[in-house]
There are 2 protein chains.
Amino acid sequence: MSNVTRKDVAKIAEVSEATVSRVFSNHHSVKAETKERVLKVASQLNYYPNVLAQNFAKRKSGNIGVVLPYIPSANVFSNYFFAEVLQGIGEVTEKNHYNMVLLFQHESNPMDYEQYFLRHEIDACLILGAKHREEEIRNLEKLHKRNLPFCMVNQHFSSQEFSEVDANHEDGSHQVIQHLYEQGCKKIAFLNGPLVFSNSSDRLAGYKKACKEWGLPLLEEFIHYGDYSRTSGYQKTDSILTLDMDAIYCANDRMAIGVMRRLEELEIQPGKDIALVGYDYSDLSRLVTPTLTSVEVPFREMGKHAAEKVLNDIAHSKVEYKQVKLATKLIINESSLLV
Amino acid sequence: MSNVTRKDVAKIAEVSEATVSRVFSNHHSVKAETKERVLKVASQLNYYPNVLAQNFAKRKSGNIGVVLPYIPSANVFSNYFFAEVLQGIGEVTEKNHYNMVLLFQHESNPMDYEQYFLRHEIDACLILGAKHREEEIRNLEKLHKRNLPFCMVNQHFSSQEFSEVDANHEDGSHQVIQHLYEQGCKKIAFLNGPLVFSNSSDRLAGYKKACKEWGLPLLEEFIHYGDYSRTSGYQKTDSILTLDMDAIYCANDRMAIGVMRRLEELEIQPGKDIALVGYDYSDLSRLVTPTLTSVEVPFREMGKHAAEKVLNDIAHSKVEYKQVKLATKLIINESSLLV
DNA sequence: ATGAAAGCGCTAACAG
DNA sequence: CTGTTAGCGCTTTCAT
C-alpha cells in the first residue's frame, strides 16, 4: 500500500494540511482556485482521505450494527422478513455512507449491546427478531439509560418504552378473520408463532378480537403454536385436522406452505375443501399452487424507517424517542377463495 | 458516552498504559498478578479498548468488503446464491472478529475497488456476481498489481489469473444431460443465463460436451437465454415449446419455476409430459410441486473458502494466488422423472 | 516483565 | 479564506 497522505498533497499544492482537509470535507469555504489546485494534486498523487484516521478523530465508527438471531443450520438471509428488512436498512445506510454491520446473536449467550458502543465498534444499532425475555430487556435498558441510539424492528415490549418500528399485526390478523368470515368460514383454526415475539401475541389479540366481533367460537384448542418454520407447519397439520374447522390461518407463509404440503399428501385441497391463509405476503406465497392469501407487511419500509431514525439520532447527537406502527394489508389469493 | 480509556485504568491499577494494552492484547507476557489487577480495575471502570484507535494505529479497518450487484426493485438477499454465499462469508468473518461490509455495485457505474483500499475502508474484498467486461477486469487488475487481497466467488475470467473460488458448472451441466438421456430424453432444450457470467458459459460448455457425448442433436435453436429471473423463465417458455423437444434444462431454479408456471397454465405436466431440470438446488426447488430436479452447488462453502483465503492473506501480509473449483451434484426429484 | 515515547492521519478549535 | 496546533487512544519499538 502506497499511503499518500494529506501531508504530501499539502506540500506539493503549497497549502496547509488543514486546507487539504477542507477541500475534501466540502462544508468549508475554500477559494475556488485553491480548491482546484488541491484536487489536481490529489488526483495526481492518487490521494484519498484515510477513513480510519477520520473515524478515529471524529470518534465515530461509521457503522450501524444490525442484530440478527443466529440460527444454526439455517440461513437468515433466506428468510423473507430478514431479507427485506436488511434490504431496507442497506439502502438507507448506503445512501448515507454508513456501513451495515451484522451482529449475530447466538441463542446461548445474549449479547451485551452496550459493549459494542463502548468499544466504538458501532454508532447505533437496530435489533431484529428480539425475544421478549429478561436479559434482552436488561441489555436494551442499558442502551436506553446511556442514551445510545437504537431501534427495534417488528417488535415491541409492552412493558418498556423503547424506540421501535412495528407493523399493525393485530389489524392484519383482524383482516384475515374478517375475510375468512366473509368466505363463509365459521370455525377458524390458528397456527401461531411463539409468543416471545410481540408480533405473535399481537396477531393472537387480533384473532381473538375478530372472532368475538363476528361471533365465531373462540376455543383454546383452535389455537396452535409452531416455530415459524415450514416443518412445524407440516407437523402441526395433523392435529389441527382433528378439529372440526373450515379454515386454517397461519402466522407466516412458511408454516402455511408446510400445511399445504401436508394437506396435499392427504388430498385435501386448500381453496376448495378448506380455506388457508398465510402471513407476510412473501415471494413464496406467489410461488406455490394455489397461490396463498396472505398479509402484506411493509418490512422493507420498516427497515428504512428504523435506519433513518438512528442516523438522525447520530446526526443530531441526541436520541429521539420514537414509535412507529405501519399498516398491514390482506392480499387475497386462491388459497382462501372457497369455490 | 463515558469514554474510559487505558489511561484511567493505568492510573488506578498503577501500571503503565502499555501494560494495560498488553493485558488486553493477550500475546504479551504480563505477570499474572499484574494482569489480574489490571483486569479488575478495567472491569470496575467498565473499560473496553477503543477499536477505532486500535484500527487506526494498526492501519487495519477490520472490514472485508463484499461486492454485490445492486438490482433495483429486487432483493439480493432473497436470491439463493447470494444468501448462501453471504451466510458462508458471515460465519467466517464473525469467527475471526472481522466485519462483513456490503458494497453495492450499481450497474451504471462500476466501482473502483482500489479506492476502498486507499481509503482504508476495507482490508480485503470478495466479488460476487461479477460480469465479464472490460471495466470490471481493469478494476480487478489494479488490485492484482498492487497486491491487494481479493477473491472472486462463482466466477472466473478465462483471460486472467485472479484468485477465485468457483464450482464445476461444466460438470453440473454434464450430469444433467446424462440424467435426462438416461430418462429417455433425446431432444433437450436449454434455457441458459447471460454469458457474461462464466458459470453460464461453463454450463453451456457442459451441455454441448454432453450432447456430443451421447449423440444428441446440438442445435442452436435449442439454446435460449433468460436473465435468471422467474419472469424470464415464464416468458421464454412459449418459444421453447415451439421446438420438437422432450426436456427443458434451466440454468437456475427460478427460471425453472417460471417455466413450470407457464407449463401449468398450458396444462403440460413436468415429470410426465416433459422433463424439467433446474439448477442451484435452492430451497425453492423443494417447495414447488412437483419438486424440482436440480444441481446442488456448495455456495456456502464457496463463501467460506473465499473469506478464509483473504483473511489468510491479511494475516500473513501477503496475497497468495489461489484457484479453487468445488464439485457440483445433481439431485434428482420428481420434475425430471418421466413416468 | 514493564516503562517511556514516537508516531498513526485526521478533526476541531482558534487565530489571523 | 487560510494557517497553526492540540489532541484522539491506541501500537510499536526501544530501553531498562
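A salt bridge here is a side-chain nitrogen of Lys or Arg within 4 Å of a carboxyl oxygen of Asp or Glu. By this rule, 30 salt bridges are counted over all chains.

This is a predicted model, in which local features need pLDDT of at least 70, side-chain atom pairs count only at pLDDT 80 or more, and totals for chains, interfaces and linings use all residues. Residues are numbered from 1 along each chain as its sequence is written, chains are lettered from A and ligands numbered from 1 in the order in which they are written, and side-chain values use heavy atoms, with hydrogens and water left out.

**Stop 1: a salt bridge in chain A**

Select Arg133(A) and Glu107(A). Their side chains meet in a salt bridge (3.3 Å, N to O). The pair links distant parts of the chain, 26 residues apart. Arg133(A) is in the loop between strand 3 (124-128) and helix 7 (134-145) of chain A. Glu107(A) is in the loop between strand 2 (99-106) and helix 6 (113-118) of chain A. Helices (H or I, at least four residues) and strands (E, at least two) are DSSP runs, numbered from the N terminus.

**Stop 2: DNA strand D**

Start with Arg22(A): an N or O atom in its side chain is 2.4 Å from a base oxygen of DNA strand D. Then take Gln54(B), with a side-chain N or O atom 3.3 Å from a phosphate oxygen of DNA strand D.

Colour by element next. Helix 2 (17-25) and helix 4 (51-58) of chain A, with helix 2 (17-25) and helix 4 (51-58) of chain B, each give two or more residues to this surface. The largest share, five residues, comes from helix 4 of chain B.

**Stop 3: DNA strand C**

Switch to DNA strand C. Which residues come nearest to it? Of the 24 around DNA strand C, they are Arg6(A), Arg22(B), Ser29(B), Thr34(B) and Arg59(B). Sugar and phosphate make up 62% of the atoms of DNA strand C that come within 4 Å of the protein.

- Gln54(A), at 3.2 Å
- Thr19(B), at 2.8 Å
- Ser29(B), at 2.5 Å

Helix 2 and helix 4 of chain A, together with helix 2 and helix 4 of chain B, are the elements giving two or more residues to this surface. Helix 4 of chain A has the largest share, five residues.

**Stop 4: where chain A meets chain B**

The contact (heavy atoms within 4.5 Å) takes 55 residues from chain B and 55 residues from chain A. Buried area is the accessible area (1.4 Å probe) that two parts lose on being put together, summed over both. Here that is about 4900 Å², of which carbon and sulfur atoms give 56%. Select Tyr48(B), Leu52(B) and Leu287(B): in chain B they lose the most area to chain A, together 14% of what that side buries.

How many salt bridges cross this interface? The rule finds zero. It does find 20 residue pairs in polar contact (both at pLDDT 80 or more).

Now superpose the copies, by least squares on the C-alpha atoms of residues with pLDDT of at least 70 in both. A rotation of 180 degrees with 0.0 Å of shift along its axis places chain B on chain A (RMSD 0.1 Å). That is the relation of a two-fold axis. The same surface serves both copies, with 100% of the contact residues of chain B recurring in chain A.

**Stop 5: backbone details**

Go to Thr289(A) and Pro290(A). A cis peptide bond joins them, with omega about -5 degrees. Pro290(A) sits in the loop between helix 12 (283-287) and strand 10 (294-296) of chain A. In chain B, a cis peptide bond joins Thr289(B) and Pro290(B), and omega is about -5 degrees.

Finish at Asn46(A), in the loop between helix 3 (32-45) and helix 4 of chain A. Its phi is near 65 degrees, a positive value in a residue other than glycine.

Methods:
Polar contact = N/O pair within 3.5 Å; in protein donor to acceptor, adjacent residues only side chain to side chain. Near = heavy atom within 4 Å.
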